[in-house]
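User: I am new to this structure and would like to learn how to read it. Could you take me through a few features, one at a time?

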Amino acid sequence: MSIQSVRGMPDVLPSESAKWGYLEHQVRQLFASYGLVQIRTPIVEQTGLFARSIGDVTDIVEKEMYSFADRSGESLTLRPELTAGVVRAAIEHGLLHNQTQRLWYQGPAFRYERPQKGRYRQFHQIGVECFGIADAMMDAELIEITEQLWRRLGIREALTLQLNSIGSPEARSAYRDALVSFLEQHRESLDADSQARIDRNPMRVLDSKDPNTQQILVDAPSILDALTDEDRAHFDRVCTALTEAGVPYVINDRLVRGLDYYGRTVFEWTTTQLGAQGTVCGGGRYDGLVAHLGGKATPGVGFAIGVERLVLLLETLDAFPADLERGCEVYLMLQSPEAEPALRRLASQIREAAPELRVMTHIGEGSLKSQLKRADKSGALVGLILGEDELRTGQVQVKPLRGGETQTVDYADAVAYCQRLRKAQWII
Ligand code: ATP
Ligand code: MG
C-alpha cells in the first residue's frame, strides 16, 4: 500500500495553489499599504511558551497541541497559532525597546482536532500583531484592515463583525464572581467540559460550543456591565472609530475568544456560508501578554485569519477571478527542430522585456496541432510559432489564442506585441 498524507493535513495541489497565491498577493499589497512588515518565526517552539500564553485551561492547550520530546528530551510543540512565537521573538530580539512594531505573518499551524470542512490538523493563518500602541485607534485600524481585505476580495457582504470588550483584569475579576454564581445555579444542565471549567476558568464556559450550554448562557450576566471607566472609554473609542470609518458591527457580549491572553477589545468576522466553521478571522487586544512572557509591559493587539476557511468562502461565493487558472500568457511552438535555438532566444528576449509575463516554450516532439492544443490548455493569450519559413525570413507567427488574426512579424514586433499583453494582476 502506498503512503498516505497524515489525517487532517491536506495538500494544496497546483489546481488550488493559484487561489492561495491570489489571496497572498492581495494580503501583501494591502498590508504593505498600512506599513506592516513581515516576521517569520519557527514552526516549532518550546511547549511552555504555549501553555503560558494561550492558557492551561483552553481547548488548545488541554487537548489540541502536537507536543513531543525531541532527542534530548526537551518538550517541543508544533505551533497551534502564531502570536505566541511572534511575541517570543519580539522579546528575544529586543524589538520592543522604545519602539512600536506593526508586524504581519503567514504560515501553518497545527491542532489535533476532528477534521471536517473548514477544520484541519494542519491549517494556515495570516495575521497581524502590533506592539507598543495602547490607543484604541490601533484596534479600530486593525479591524479596518480586515474589512478592506474582504472588500478587495469581493466578499464583504458575506461577513459580519462581532465585537466585544472583555475588559481589564480588574473588570474580569469582578465579573468572574457574578458569572460563577450564575453558572453554579445551572451547573447540572451544563456540558461536562463547562462544568469542569466553572472553578478553573469560568470565562471559558462562554466559549462553549455546546448548544444547550449556549442556550443557558443567554441569561448569564454581561461582561459589559463589569467594565471599568477606562475599559468603557477604550471600547467606546473603538466603536466610534468604526462607525466613522463606516464599518458596521454587532456587539456580542458572549464573545471571549479561545485564548487566555486577550483583554479589552475582542472581535471575530463570521459568515453563515460555511456551516459550523463560520469564523474566518479573530483577534483582539492583549496588553498583558508581553509582560506575562517575560518582556517589559508592552501593549499588543492583533488578529488571525484562517486561510483555508477564506479559500472555502471565496469558492462558495465564486469570488476568485476568472483568469486564475491561466498558467501562462505566451506559449512558443516550433514547426521544425532547427527552430529550437531561435525559439529559446526569442523566449528569453520576451522574458527580459516583460518580466511580469509568464512565457513557456514547447519542449520535445509533437505536431503543430498537438502543440496548439497544449498552448490552448495552458490558458496562454498568444502563441508564437517558428518554422523553417520563419527561420529563413527572421520572422515569427503571432497567433492570438483567444480570437484575432495571425500575423507574421519581425522578432522585435513580436516582443512588443507581448509587452502589450494583459499580465495577471495577482502574480507576485
Ligand atoms: P474555532 O472556534 O473555529 O475552533 P478558534 O477560536 O479555535 O476557532 P483561533 O484560535 O481564533 O480559532 O484561530 C483564528 C482562526 O484560525 C479561526 O478563526 C479560524 O478561521 C482558523 N482556525 C482555527 N482552527 C482551525 C482549524 N483547526 N482548521 C482550520 N482553520 C482553523
Ligand atoms: Mg478551536
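User: Let me start with the second largest pocket: how do the residues of its lining divide into nonpolar, polar and charged?

Analyst: Rolling a probe the size of a water molecule over the atoms shows where empty space is left. Here the lining of the second largest pocket has 10 nonpolar, 8 polar and 10 charged residues. The nonpolar class holds Ala, Val, Leu, Ile, Met, Phe, Trp, Tyr, Cys and Pro, the charged class Asp, Glu, Lys and Arg, and the others, Gly among them, count as polar. Please keep in mind that this is a predicted model, in which local features need pLDDT of at least 70 and side-chain atom pairs pLDDT 80 or more, while totals for chains, interfaces and linings use all residues. Residues are numbered from 1 along each chain as its sequence is written, chains are lettered from A and ligands numbered from 1 in the order in which they are written, and side-chain values use heavy atoms, without hydrogens and water.

User: In what order do the 8 strands of the open sheet run?

Analyst: The order is β1-β5-β6-β11-β10-β9-β7-β8, with mixed pairing. β1 (37-38) and β8 are the edge strands, each pairing on one side only. Two strands pair if DSSP finds at least two bridges between them. For instance, β9 and β10 (residues 279-285) pair in the antiparallel sense over 5 bridges, and Phe267 has Gly283 in β10 as its bridge partner.

User: And what can I see where β15 and β16 pair?

Analyst: Strands β15 (residues 395-400) and β16 (residues 407-410) pair in the antiparallel sense over 4 bridges. Val396 stands opposite Val409 in β16. There are 6 residues between the strands of this hairpin, where Gly403 takes a positive phi near 100°. Arg264, in the loop between β8 and β9, also has a positive phi, near 60°, in a residue other than glycine.

User: Is Arg257 buried or exposed?

Analyst: Buried means under 20% relative accessible area, exposed over 50%, and partly exposed in between (1.4 Å probe, protein chains only). Arg257 counts as buried because its relative accessibility is 11%. This residue sits in the loop between β8 (250-251) and β9 (265-270). Its side chain makes polar contacts with the side chains of Tyr262 (3.3 Å) and Glu268 (3.1 Å). A polar contact is a pair of N or O atoms within 3.5 Å; within protein, one must be able to donate a hydrogen and the other to accept it, and residues adjacent in sequence count only if both atoms are side-chain atoms. Beyond four places in sequence, Arg257 touches residues including Arg204, Asp207 and Val266; contact means heavy atoms within 4.5 Å.

User: Where is Ser222 found, and which residues does Ser222 touch?

Analyst: Ser222 is in the loop between α8 (211-217) and α9, and is buried with a relative accessible area of 13%. Not counting residues up to four places away in sequence, Ser222 touches Tyr175, Asp253 and Arg254. A polar atom of its side chain lies 3.1 Å from the backbone nitrogen of Leu224.

User: Is Asp318 buried or exposed?

Analyst: Asp318 counts as exposed, because its relative accessibility is 67%. Look for Asp318 in the loop between α11 (307-316) and β12 (330-334). For the chain as a whole, buried residues make up 53% of the 428 residues.

Conventions: Helices (H or I, at least four residues) and strands (E, at least two) are DSSP runs, numbered from the N terminus.
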